[in-house]
Amino acid sequence: MAACNKVKISFDRSDETIRCSLVPHLSAAFGRKGISVLTDKHDEFCKCIASVFIFSKNYVSIKESLDDFFKTSQRRHDKGHVVATVFYGVNRSELKENFAKALFEHITSYQASQWCSAEEIITLPGHEKINKQSDCEFVEKIATDVYEKIFPKERIGIYSRMLQDISNLLCSQQWGVKSIGFWGMPGIGKTELAKAVFDQMASDYEVTCFLQNFHETFETKGLYSLLQEHFKNLTNQNIPKRVLLVLDDVRNHLYAESLLAELPSFSLGSLIIITSRDDQVLFQYQVNQTYKVEGLNKLEAMQLFSLCAFEKDVKETNLLKDNSMKVIKYANGNPLALRVYGKEMSSHEQTSQKETLFLKLKQDPPHQIMEVVKSSYYALNDNEKNILVYIAFCFTGKHVEDVSKLLQDLGFFPEIGIDRLVANSLVTISENKLEMHNMIQGVVKKIGRCSEDSNTSFKCVLVMSYSTIFFNQLSSTSSISSYVMLFQGTTDIEAISLDASNLNPDVELSLFRSMYNLRYLSIYYSNPGKHGKALESFSLPHGLRFFHWETYPLKSLPQDFDPSNLVELNMPYSQLQTLWGGTKNLKMLKRINLRHSQKLLEVNELSEARNLEQIDLCGCKNLQSFPSIRNLHKLRVVDLPRCTKIKSSPEFPSNVELKLEGSPIKTMYPPVPLIRVKSLCEFLDNPTKPLNFERHGPYILDILRPGSFLNSQKRITNPDMVETPSTFKDIMCEKAILMSQWALENLKSFRKVDF
């Protein structure tokens, strides 16, 4: 075993309690963490990386102990030797007194000269057993402290938080063959957690096996090679054994099942641990419990990053400046990202270099991160790959329901695809919004910009979020020409998200028309002060399904644009005056959003948009008329609040939800028909029979309040006012007619009532 995995324990060998109880327990605790212990009298000091001093009352009276003590003090300064102290039945002040006596009795003149330096060890933070603390807890705390000092980067957060969670879960399982599955996103630490559990529990089992990279090994070597290599002795025995088995990175539950089917039955108390990025694999394998591995908290992330970037613990330094904190926030608790980014940042000292490097890391993720995420990406089917790329580019932070509609309109199957991405830890849903870890998003964007996967139907997504990189370099006519030609030849582009704030004034957007496969086009301005000053005209491809342009700067859409495939037109805060000239084929159109387009004068003919579901014209204060939509039976919502100049509108389908706050609309329907006298009389004769309204009967005027009928009710309760039933019915019907006529003349609002 390498020296980096060895620890020397120095103690008073004449103390039977320490020799026979504390040291064996401490050695076992180190063994569970993969660390071997040196306690021999002969000198193996040079072979260890750490020393543990167990100070007791008689410690200084042992010559060998004193020799270890002074050798350690020297090596600690010369080579950074890790030292941990344990005070067992003695306190610091008492120990110092004992050392003072030993200076004159046992210590050589050379050792006495080294005393001032060696005394620092006694002042180090040490472990003292608390009265209520068990021996098991005491030694585990010591072993964990030493491990984290020896391997500060590997298992931050595991011993302090996660192992206790796993222990609690396993204790809650019934006695038998136990199983537990760890799942989470790439690089989150599933394997390290499994190793920590394995190291801690291995000594309790007769047979142990840790199969790392199980999926890859299974496909490369095959089932029987694995059995011969790792389970040859086990398969030849008929007596059940208590087995600890870890299958790391399982991607197909059938592989794990086929392996276990070839092994003899495990004895009660055995434990099977499976790690996977896909929680569905754990469900299909039917593990008893699952544990989602979460990222590091802020303090742990700072500690890991500083150790990787500066080789110093954040607790001891104040080196984390603004750039470092940006990287830590970007890594968002992922240990792999923190280690890789920290190592990259450590190679640059100047602030400007670090800022440039951070931008580069976001656009061009390091190879190690690329490979880890790509392995998950390539395991997806075409539908899932497409959805993942679209979410990375266009839909992060958007509501799941809205994204599902768009993805379905783009020809995908989001009900299945999004669930699979969540199960594979590539996408999360928080507060009903789609989220993606920055590390994964960076890799997926790089894949999407120019897909290397020839097996998927998705070819390329062009994202120009950093328009200064893509467009500001176009300074000459020749470069513009070549750039346009480059795009004209890129017919496989399916989606573009473009920041138009910094477009070069000479760039023409006519190139969009040649992108025959372009289905999704989103243009936005990250700088609100720059709203397309250079744009005079542009063109759109006929196959476009989704078009989003906030603060669109022109008066209308291109006249040659064929919207026959358009599903959603999303252009809030635009400068539009009209959409287009004449009647267009709108057979696919489902949603129109022109909110706060304050220069909009009219909305063109929509009678052919038979699939239209939603129209949003809120805040279009100059809109003067509304097109006929009487036959649009799929229409569900029309928003017209604060459309202050529209005076009237055509008849709407009966099932439309209208929003009219702040609109001075006087006639919204043909005159609402009065309640038929015959129906009211029928109701009065038989109150259990529902009223029979005309077609617009469900829209009841607010003026018809229950209090209007109180006087009529008094006629029944007051004997002096009782009339014949026929006279009462006539009065009630006459009252209803008069109230309806008065209300129609003074209509200001209405509400929809369901009977």
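Biologist: How many residues does the protein have, and what percentage of them is buried?

Modeller: In this predicted model, the protein is built from 27 helices and 23 strands. Its exposed surface comes to about 37,400 Å², with carbon and sulfur atoms supplying 50% of that area. Of the 755 residues in the protein, the buried share is 48%.

Biologist: What share of the contacts with a separation of 6 or more joins residues 24 or more positions apart?

Modeller: A contact here is a pair with heavy atoms within 4.5 Å. Among the contacts in the protein with a separation of 6 or more, the share from residues 24 or more positions apart is 62%.

Biologist: Are the rings of phenylalanine 547 and tryptophan 549 stacked or edge-to-face?

Modeller: Both phenylalanine 547 and tryptophan 549 are buried. Planes over 60 degrees apart count as edge-to-face. The two ring centres are 6.3 Å apart and the planes stand at 90°, so the pair of phenylalanine 547 and tryptophan 549 is edge-to-face.

Biologist: Which residue has its charged end over the ring of tyrosine 205?

Modeller: Aromatic rings also take part in a contact with a charge. The charged end in question lies 4.7 Å from the centre of the tyrosine 205 ring, and it belongs to arginine 242.

Biologist: Where around the axis of helix α12 do its buried residues lie?

Modeller: Helix α12 spans residues 253-261, and its buried residues are His253, Tyr255, Ala256, Leu259 and Leu260. Because these residues cover an arc of only 160° around the axis, they lie on the same side of α12.

Biologist: What covers the buried residues of α12?

Modeller: The cover includes both helices and strands. Among the helices are α9 (214-221), α10 (223-230) and α13 (279-285). The strands include β7, β8 (243-247) and β9 (271-276).

Biologist: Which residue's side-chain oxygen reaches the backbone nitrogen of leucine 254?

Modeller: This approach is found at the start of α12. The oxygen comes to within 2.9 Å of the backbone nitrogen of leucine 254, and it belongs to asparagine 252.

Biologist: Is aspartate 249 buried or exposed?

Modeller: Aspartate 249 lies in the loop between β8 and α12. Its phi is near 65°, a positive value in a residue other than glycine. Buried means under 20% relative accessible area. Aspartate 249 has a relative accessible area of 12%, so it is buried.

Biologist: What is the relative accessible area of asparagine 213?

Modeller: Asparagine 213 has its place in the loop between β7 and α9. Its phi is near 50°, again positive in a residue other than glycine. Asparagine 213 is partly exposed, with a relative accessible area of 37%.

Biologist: With which residues is glutamate 140 in contact, leaving aside its neighbours within four places in sequence?

Modeller: Glutamate 140 lies in helix α6, which covers residues 135-150. Its relative accessible area is 16%, so glutamate 140 is buried. Beyond its neighbours within four places in sequence, glutamate 140 is in contact with Ala29, Arg32, Lys33 and Gln200.

Terms used: Residues numbered from 1 in each chain as written. Predicted model: local features only at pLDDT ≥ 70, side-chain atom pairs only at ≥ 80, totals over all residues. Heavy atoms only, no water. Phe/Tyr/Trp six-rings, centres within 6.5 Å; stacked < 30°, edge-to-face > 60°. Buried < 20%, exposed > 50% of the residue type's maximum accessible area, 1.4 Å probe, protein only. Lys NZ or Arg CZ within 6 Å of the ring centre and 35° of its normal. Helix = DSSP H or I, 4+ residues; strand = E, 2+ residues; numbered from the N terminus. Areas by Shrake-Rupley, 256 points an atom, 1.4 Å probe, with all protein chains shown as cover. Arc of directions from axis to C-beta. Polar contact = N/O pair within 3.5 Å; in protein donor to acceptor, adjacent residues only side chain to side chain.
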